[in-house]
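My entries follow in the order I made them.

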Amino acid sequence: MDQGYTSDSEDEDYIEPEPGRPKKTRRMRKSGVKTDSSLTPMSLVGKPSGSRRRAGKLALMMSMPIDVFCEIAAHLSPEDLLHMARSSKFLRDFFMSKSSKRIWRQAEEALGMPICPPDLSCPQHCHAVRSSRLEAVLRVRLCKKCHNENIERGWKIRRSLKDSKTGPGIDNDWSTIYKLLPGTGGFMESDVTNLQEASIESLCLLKFYRPTFDALLKEYLAFDRTSDERTAFVEERHKIANEIWSHSAKLDDWLRILNNRRFQDNEALKANRKKTILAKLEMLGYSEADVSTELDEQGWKWKALVEQPRELTDRTWKTLLPQLQETIRLRRGKNAQLKIENLIRARKTRLCGLARDFVKSLKDARFCVMASDFVNFPLAKRIITNNGLSVDFHPTLLDPLKEMLIALNETRVRAIENNFVSAVASTNKGSDPKIILQRATTFFTRTSGQTSSVLTTISDTIDTLHLQSSESFEDAANNHFYRYRNHSESWKPGGISLCSRLGNVTNMLIASLGIQEDVSMDHMESLGASFLCLCCAPEIRKLETWCKLVGHFFQEYDEFNSMKEAKSDRNADVKITFDHDVDVKSEKSLVICTGLKTEAVDRLGSGNLDELIKKCSCVPCTTTGYSRPIQCMHCSLLGINKFFGCREKRDTHVRARHGQSKKAGG
């Protein structure tokens with residue numbers, strides 16, 4: 001006989017192969033031993049057939065007596081019993097049999113679970129604990145697709161049956177029909193313990209399993225309306241539905257208590273584990289800073305290792321210690337780096353404070369150097385990063401930096417002047433740029449953003465930079481480095497151009513004041529806020545400097561031009577007027593200066609300034625409370641959002657810009 005076969009005279013399934021044909025392999029007969037699982041050791045029931053795998057630590061469990069196995073299983077939780085029943089076919093058959101009901105009941109009683117309802121088996125009852133409330137109440141397990149197809153709310157079912165043959169006949173029975181089976185997902189679950197007490201408004205919000213709902217509805221309609229059979233059917237179904245509902249409520253309460261107890265137990269285990277680990281680390285010589293988690297970064301595993309709901313064993317400690325020491329090493333490195341950064345920051349603050357005091361001591365000097373420029377000096381960087389210096393270094397270290405600050409400021413002021421001179425020279429060729437630059441009629445525009453432009457002068461630019469410089473040093477001295485702003489860089493070449501469109505306006509304003517055309521800018525600025533625009537209404541007039549006055553006219557011209565463009569683009573039927581046109585206005589009605597000795601000022605007198613400036617007496621202007629902004633409807637038709645603080649100012653704008661009466665302001 002060939003190798004691979006064994007002789008067995010009693011094997012009737014074996015057939016001798018014919019010559020020339022392939023030999024058939026022998027079929028092994030399966031064991032037909034039948035035993036009583038309640039009396040036989042587990043080695044005789046469900047023994048693995050032909051398995052040559054190495055036996056594990058639980059291999060002896062299959063050979064223990066069945067009564068011993070049942071005694072052990074009785075101490076497991078229902079969830080553990082479910083896991084064990086799903087581990088093999090034999091265990092599934094064993095735990096799903098009626099003989100194992102005692103084991104399930106002991107597991108439920110050990111945890112204090114509610115009594116298993118009569119329509120569920122013990123395994124189904126334990127599975128309901130782990131499932132969703134919808135599955136526990138509706139007694140059905142659904143995938144996502146079947147859930148979307150078969151789960152509907154009560155109001156939707158009622159609407160779908162409204163046009164059917166049965167719809168009109170059950171309009172008054174829906175309160176009874178909804179209670180034939182339990183539903184879930186409404187807003188009354190936490191308030192109603194008895195399903196029969198729920199209102200129709202609450203019942204129509206519940207979710208129902210549509211196939212079961214349709215089957216019960218069909219059975220309900222099969223009875224006559226006044227028959228005793230329908231009454232008995234309704235009472236029986238209401239009783240079943242109410243039992244399921246009340247049991248689900250008890251199950252929810254029990255789960256809430258169980259989860260709360262488990263959470264508290266886990267928190268206690270975490271606290272005990274953390275306390276033990278910190279005590280061991282303290283014995284090894286680590287400080288509180290080494291175990292602090294304030295500066296931990298994402299990816300460091302300290303909390304994941306320490307805050308676990310498990311007891312700390314010696315074996316676990318040997319595994320954790322190297323990982324914890326690595327995190328401590330990273331913390332020490334980060335703390336050392338932060339210490340250096342804080343020291344550098346403190347030195348920078350101290351140095352900027354000394355520089356601020358020095359800048360304030362320079363009287364009549366307009367400083368244009370920012371604190372960010374100062375700390376970037378090579379000498380300042382060496383002082384700040386010097387490891388041998390403390391925070392309170394001697395003020396004499398600032399002496400070389402003072403000379404650098406003064407030299408840089410002079411260079412920057414010259415750059416600003418050269419920038420403006422170049423702008424004048426590019427427009428007025430053949431004239432002395434410095435003479436033109438000193439005139440009171442010379443103004444420039446500086447690009448702000450992508451499209452907008454700002455009216456400025458050389459003096460205004462330097463004053464603005466001086467203010468920004470003072471703010472930057474003040475912020476740096478108060479350790480507010482995050483408030484460093486992107487300050488204007490008007491000292492750099494470019495971005496400045498001579499404003500030629502204001503030439504006629506400034507000449508007319510000078511003529512209206514009755515002074516010489518070649519008056520200097522310094523003289524006009526020395527008059528301070530003494531200029532008053534007579535083109536504005538008395539309610540919005542205010543005293544301004546010469547530059548602010550010219551800027552006011554510049555803004556009025558820009559606003560008027562933008563309104564004309566918007567009217568042309570939108571083809572809007574909106575009237576637009578211009579009350580600041582210097583070509584139309586009389587020279588005597590343009591502007592007045594209270595600081596000059598002119599005929600107009602003499603006629604005005606010292607006590608009649610209040611006649612030209614009238615303060616608004618409306619409630620929003622006289623109180624400090626919040627008032628809703630009021631919009632001009634004429635401007636809104638042009639696509640321009642124009643808001644005012646009160647109605648008086650809005651009406652003044654309507655009269656000046658749109659030639660309307662104050663009642664037509666919208």
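This is a predicted model: local features need pLDDT of at least 70, side-chain atom pairs count only at pLDDT 80 or more; totals for chains, interfaces and linings use all residues.

**Salt bridges within a helix**

I noted that K270 and E267 are three residues apart in helix α12, so about one helical turn separates them. The two form a salt bridge, and I read 3.8 Å between the closest N and O atoms. The cut-off for a salt bridge is 4 Å between such atoms.

I then looked up how accessible the two partners are. K270 is partly exposed, at a relative accessible area of 27%. E267 is also partly exposed, at 33%.

Next I went to helix α11, which spans residues 210-222. There I found D214 in a salt bridge with R210, with 2.8 Å between the closest N and O atoms. D214 and R210 are four residues apart in α11, so I put them about one helical turn from each other. For D214 I have a relative accessible area of 32%, which means partly exposed. Buried here means under 20%.

**A salt bridge between helices**

Which side chain does E474 meet in a salt bridge? I found R356, at 3.4 Å from N to O. E474 sits in helix α20 (residues 458-477) and R356 in helix α15, so this pair ties together parts that lie 118 residues apart in sequence. E474 has 29% relative accessibility and counts as partly exposed. R356, with a relative accessible area of 18%, is buried.

I also followed salt bridges that share partners: E556, E559, D579, K642 and R657 are joined by them into one network. My count of salt bridges comes to 24.

**Helix α12 against helix α15**

I moved on to packing. Helix α12 covers residues 228-283 and helix α15 covers residues 314-361; their axes come within 12 Å and cross at roughly 70 degrees. That angle makes α12 roughly perpendicular to α15. I logged the crossing of α12 past α15 as right-handed.

Which residues make this contact? On the α12 side I listed R273, I277, K280 and L281. On the α15 side they meet T316, W317, L320, L321, L324 and I328. By class, the residues of the contact between α12 and α15 are seven nonpolar, one polar and two charged.

**Helix α15 against helix α18**

I stayed with α15 and checked helix α18 (residues 399-427). The two helices pack at an angle of about 60 degrees, and their axes are 11 Å apart.

L351, A355 and F358 are the residues I listed from α15. In α18 they meet L401, K402, L405 and I406. I sorted the residues of this contact of α15 with α18 into six nonpolar, no polar and one charged.

**Helix α5 against helix α12**

I returned to α12 for its packing with helix α5 (residues 122-130). The angle between α5 and α12 is about 60 degrees, with the axes 11 Å apart. This means α5 and α12 are oblique to each other. Is the crossing of α5 past α12 left-handed or right-handed? I have it as right-handed.

From α5 the contact takes H125, A128 and V129, and from α12 it takes H247, L251, W254 and L255. Five of the residues in the contact of α5 with α12 are nonpolar, two are polar and none is charged.

**The chain as a whole**

Last, I looked up the totals. How many helices and strands does the protein chain have? I recorded 27 helices and nine strands. The protein chain has 666 residues, and 37% of them count as buried. For contacts in the protein chain with a separation of 6 or more, I noted that 66% are between residues 24 or more positions apart.

Notes
Residues are numbered from 1 along each chain as its sequence is written. Side-chain values use heavy atoms; hydrogens and water are left out. Axes are lines fitted to C-alpha atoms, for helices over the stretch in contact, and angles run from 0 to 180 degrees between N-to-C directions. Angles under 35 degrees count as roughly parallel, over 145 as roughly antiparallel, 65 to 115 as roughly perpendicular and the rest as oblique. A crossing is left-handed if the near helix is turned anticlockwise from the far one by less than a right angle, and right-handed if clockwise. Contact means heavy atoms within 4.5 Å. Ala, Val, Leu, Ile, Met, Phe, Trp, Tyr, Cys and Pro count as nonpolar, Asp, Glu, Lys and Arg as charged, and the others, Gly among them, as polar. Buried means under 20% relative accessible area, exposed over 50%, partly exposed in between (1.4 Å probe, protein chains only).
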